[in-house]
Amino acid sequence: RPYKADDTRYNTMQYRRCGNSGILLPLISLGLWHNFGHTNDLETGRSLLRCAFDNGITHFDLANNYGPPYGAAEENFGRIFKEDFQPYRDELLISSKAGWDMWPGPYGNFGSRKYLVASLDQSLKRMGLDYVDIFYHHRPDPDTPLEETMGALHHLVQKGKALYAGISQYPADLTARAAKIMKDLGTPLLIHQPRYNMLDRWVEDGLLGELEKQGMGAIAFSPLEQGILTNKYLNGIPKDSRATKDGRYLKESQITPELLKKVGALNNIAKNRGQSLAQMAIAWLLKDERISTVLVGVSKKEQLLDNLEALKNIKFSESELKEIKSVLG
Ligand code: NDP
C-alpha cells in the first residue's frame, strides 16, 4: 500500500508563473478547507491528495482553522504527508494561513505578531513540517497596524518557517500598502488569495490591476462558488452535497430558483463548448493570465478529474464571452 507517485505526473499539467517570482504554479491547485476534517473519511482525503499529485497538482492549500474541528485538516494532512508524501516534499508547495478565529482569548484571531507567530508554529507541528512554502495573513485586520502584521510575515520568512508570504481577502488599496511595506522589508509578497468566480467578480474592479502592478500572483478561491457553478444543483439538492451535509458556509437557502436559472443558462453555454459547467467555470478564470492558479475543493476523485479536463480548453471566443456576460448581468 505504500504510495508511489505516478511517473507521468508532469506530462499534462500546465504551470504558470506566479507574478514576478521564481515560482510556477499548476493551473489547478487543491484546497483542504472542506473534506479533511475529523468528521470526514481520512482515506477519501488520501485518495484526493494522491490523485491530485499524480496529475501534476503540486500545490496544496491549508489554513490553521480548516476542519472541523479547527486544526483537523492540518493534522490529517500531516498524517497523510508522513505516510505518502514525505519523499516528495521538494516537489510540493504547501501553504497555511492565520487571520480568522483559531483559539480563545485575545491572541487567537486577527493580525497581531503574537497570533501569527504562534499560529504558524502550531500549524507546522500539526502538519509535521519544518516550513511551509507560503504563509498568508488570512484577512485584513482593521485594528492592528499593517506594519505589525506584515512585519510578522517578514519575520517568519526570515526565520525559515515560511519560504514566501501572501495575503488573502485584502482589497486593492490595502494590497498596495501591504506590498510596499513588504518590498521595503525585503520580502516581497508572492501572492494574493481572493475569492473569484463567475458569480463573484469583485477582483476585476481594481485588485487584479494592482497585483499586476506589484508583480504579485493571484490564486482564486471558491472558483466553483462552493459547487453552485457545477451541474450538481440543477435538478434538486443532492444528499451528499456540501449544502446538505455541511451547512456551515453553504446553506440550502442560498440556492434559489433565480440563481439556478442563471446556472442553467451557463450550463447550456458550457455544453456548447463541449465542457461541463465546472470545467467552463475554471477555464473562464484561467483565460486571464493574471490568475496564476485556480484553487478548487473537491469531495470526490471524479470531481477532480472532471475539473482537470478544463485545461483542454481555456480559450473563449468573443461571442461566448458576450453570451456569458449577458447571463451574468
Ligand atoms: P469550490 O468553489 O471549488 O467548491 C468546492 C465544492 O464544489 C466541492 O466540495 C464539491 O462540492 C463541488 N465540486 C467541485 N468540483 C466539482 C465538479 N467537478 N462537479 C460537481 N461538483 C464539484 O471551492 P471551495 O469553496 O471548496 O474553496 C476551495 C479552496 O479555496 C479551499 O479548500 C481553501 O483552500 C480555499 N479557500 C480560501 C478562503 C480564504 O479566505 N482564503 C476561503 C474559502 C476557501 P460537494 O462537496 O457538494 O461535492
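Student: Which residues is Ser222 in contact with, leaving aside its neighbours within four places in sequence?
Tutor: Ser222 is in contact with Trp33, Arg195, Tyr196, Asn197 and Leu295, once neighbours within four places are left aside. Contact means heavy atoms within 4.5 Å.

Student: What kind of model is this?
Tutor: This is a predicted model: local features need pLDDT of at least 70, side-chain atom pairs count only at pLDDT 80 or more, and totals for chains, interfaces and linings use all residues. Residues are numbered from 1 along each chain as its sequence is written, and side-chain values use heavy atoms, with hydrogens and water left out.

Student: OK. Where is Ser222 found?
Tutor: In the loop between β9 (217–221) and α7 (242–245). Helices (H or I, at least four residues) and strands (E, at least two) are DSSP runs, numbered from the N terminus.

Student: Does Ser222 count as buried or exposed?
Tutor: Buried, at 11% relative accessibility. Buried means under 20% relative accessible area, exposed over 50%, and partly exposed in between (1.4 Å probe, protein chains only).

Student: What about the ligand? How far is Ser222 from an oxygen atom of the ligand?
Tutor: An N or O atom in the Ser222 side chain is 2.7 Å from that oxygen. This is a polar contact, a pair of N or O atoms within 3.5 Å. Gln226 uses a backbone N or O atom, 2.9 Å from an oxygen atom of the ligand. In the side chain of Gln193, an N or O atom is 3.0 Å from a ligand nitrogen.

Student: How much of the ligand does the protein bury?
Tutor: 96% of the 910 Å² that the ligand exposes when taken alone. Accessible areas come from the Shrake-Rupley method with a 1.4 Å probe.

Student: And how many residues surround the ligand?
Tutor: 32, and the closest are Asp61, Gln169, Ser222, Arg242 and Ser299.

Student: What is the phi of Gln169?
Tutor: Near 65°, a positive value in a residue other than glycine. Gln169 lies in the loop between β7 (162–168) and α5 (172–185). It is partly exposed, with a relative accessible area of 28%. Asn35 also has a positive phi, of about 75°. Asn35 is buried, at 14% relative accessible area.

Student: Why point those out?
Tutor: Most residues other than glycine have a negative phi, and most peptide bonds are trans.

Student: Which peptide bonds are cis?
Tutor: One runs from Gly67 to Pro68, with omega near 0°. Another runs from Pro68 to Pro69, with omega near -10°. Pro69 lies in the loop between β4 and α2.

Student: Why is α2 largely enclosed by the rest of the structure?
Tutor: Because 10 of its 14 residues are buried. Among them are Phe77, Ile80 and Phe81. What covers the buried residues includes α1 (42–54), β4 (59–61), β5 (93–98) and α3 (113–127).

Student: Last topic. Which residues have the most contacts inside the largest nonpolar core?
Tutor: Phe60 and Leu266, in a core of 96 residues. Helix α9 (residues 277–286) gives the most to this core, with 9 residues. A nonpolar core is a set of buried Ala, Val, Leu, Ile, Met, Phe, Trp, Tyr and Cys residues joined through side-chain atoms within 4.5 Å.

Student: What does Phe60 touch, not counting residues up to four places away?
Tutor: Its partners include Leu30, Phe77 and Ser95. Ser95 is buried, with a relative accessible area of 0%.

How values were computed: A residue is near a molecule or strand if one of its heavy atoms lies within 4 Å of it. A polar contact is a pair of N or O atoms within 3.5 Å; within protein, one must be able to donate a hydrogen and the other to accept it, and residues adjacent in sequence count only if both atoms are side-chain atoms.
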